[in-house]
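Me: I have a model open and would like to go through the labels used for it. Could we take them one at a time?

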Amino acid sequence: MNYPLRTALWLLYALVLAGVPVTAMLALFQPLPGPERAAEIIVIREWRFIGGGANLTVTLHGIPMYGISTDEHVIIRVSPGDHVVGVMPRGLGMNEATLSVRAEARQRYYFRVETGSMFSPSPLLLPAATSVGEALIAKTREVK
């Protein structure tokens, strides 16, 4: 058996054991279209004093993709279609904030992360207008 196939099978096996939904697993193995067909989901976390020390993880279909800190943003290239983007604090007992996106080819979708307060410790994920999103990514560092 060749190594790439063996690696893919082990990854699939680990995801099944972890209880990852089948739709999320299929999204992982879906080939990305070329740049002319891909959409971009951009998650931005600007600096905030309240909740600024929290470690957050950006997810796509419930699968952890990137760690994100203050003054950072991530760009996730996806195929056109329905996607679920989320952000969750690292650690047990915390809720994940998610939003669904119907991505279209060559479009960008911006989301801002709002960290919680003492009344709402879980983060919020909010859509942002294109002009706001562009201004925020100009002020933040991209996580790769």
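Me: Glad to have it on screen. What makes Leu136 count as buried or exposed?

Reply: First, a word on the model: it is predicted, so local features need pLDDT of at least 70 and side-chain atom pairs count only at pLDDT 80 or more, while totals for chains, interfaces and linings use all residues. Residues are numbered from 1 along each chain as its sequence is written, and side-chain values use heavy atoms, with hydrogens and water left out. Now to your residue: buried means under 20% relative accessible area, exposed over 50%, and partly exposed in between, using a 1.4 Å probe and protein chains only. Leu136 has a relative accessible area of 6%, so the residue is buried.

Me: Where does Leu136 lie, and what does Leu136 touch?

Reply: Leu136 sits in helix 3, residues 130-139; helices here are DSSP runs of H or I with at least four residues, strands are runs of E with at least two, and both are numbered from the N terminus. Leaving out residues up to four places away in sequence, Leu136 touches Ile44, Glu46 and Arg112, where contact means heavy atoms within 4.5 Å. The C-alpha atoms of Leu136 and Glu46 are 7.3 Å apart, although 90 residues separate the two along the chain.

Me: And His73, what makes that residue buried or exposed?

Reply: His73 has a relative accessible area of 5%, which is why the residue counts as buried. His73 belongs to strand 4. Beyond its neighbours within four places in sequence, His73 contacts Ile42, Val43, Ile44, Ile68, Ile137, Thr140, Arg141, Glu142 and Val143.

Me: What makes a group of residues a nonpolar core?

Reply: The members must be buried Ala, Val, Leu, Ile, Met, Phe, Trp, Tyr or Cys residues, joined through side-chain atoms within 4.5 Å. The largest such core here has 20 residues, and Val43, Val85 and Leu125 touch the most other members. Strands 1, 2, 4, 5, 6 and 7 each give two or more residues to this core. Another core, of seven residues, lies apart from it, with Ile42, Ile44, Ala128 and Leu136 among them.

Me: Why is the pair of Arg77 and Glu40 called a salt bridge?

Reply: The term asks for a side-chain nitrogen of Lys or Arg within 4 Å of a carboxyl oxygen of Asp or Glu. Arg77 and Glu40 have an N to O distance of 3.3 Å, so the pair qualifies. Arg77 in strand 4 and Glu40 in strand 1 are 37 residues apart. In general, side chains of opposite charge can pair when their charged atoms come close.

Me: Which other residue does Glu40 form a salt bridge with?

Reply: That is Arg108, with the closest N and O atoms 2.6 Å apart. Glu40 lies in strand 1 and Arg108 in strand 7, so this pair ties together parts that are 68 residues apart in sequence. Glu40 is buried, at 14%, whereas Arg108 counts as partly exposed at 32% relative accessibility. Glu40, Arg77, Arg108 and Glu134 are linked in a network of salt bridges.

Me: How do you know whether Glu114 and Arg112 are buried or exposed?

Reply: Glu114 has 16% relative accessibility and therefore counts as buried. Arg112 is buried as well, with a relative accessible area of 18%. The side chains of Glu114 and Arg112 meet in a salt bridge of 2.2 Å, N to O, and the structure holds seven salt bridges.
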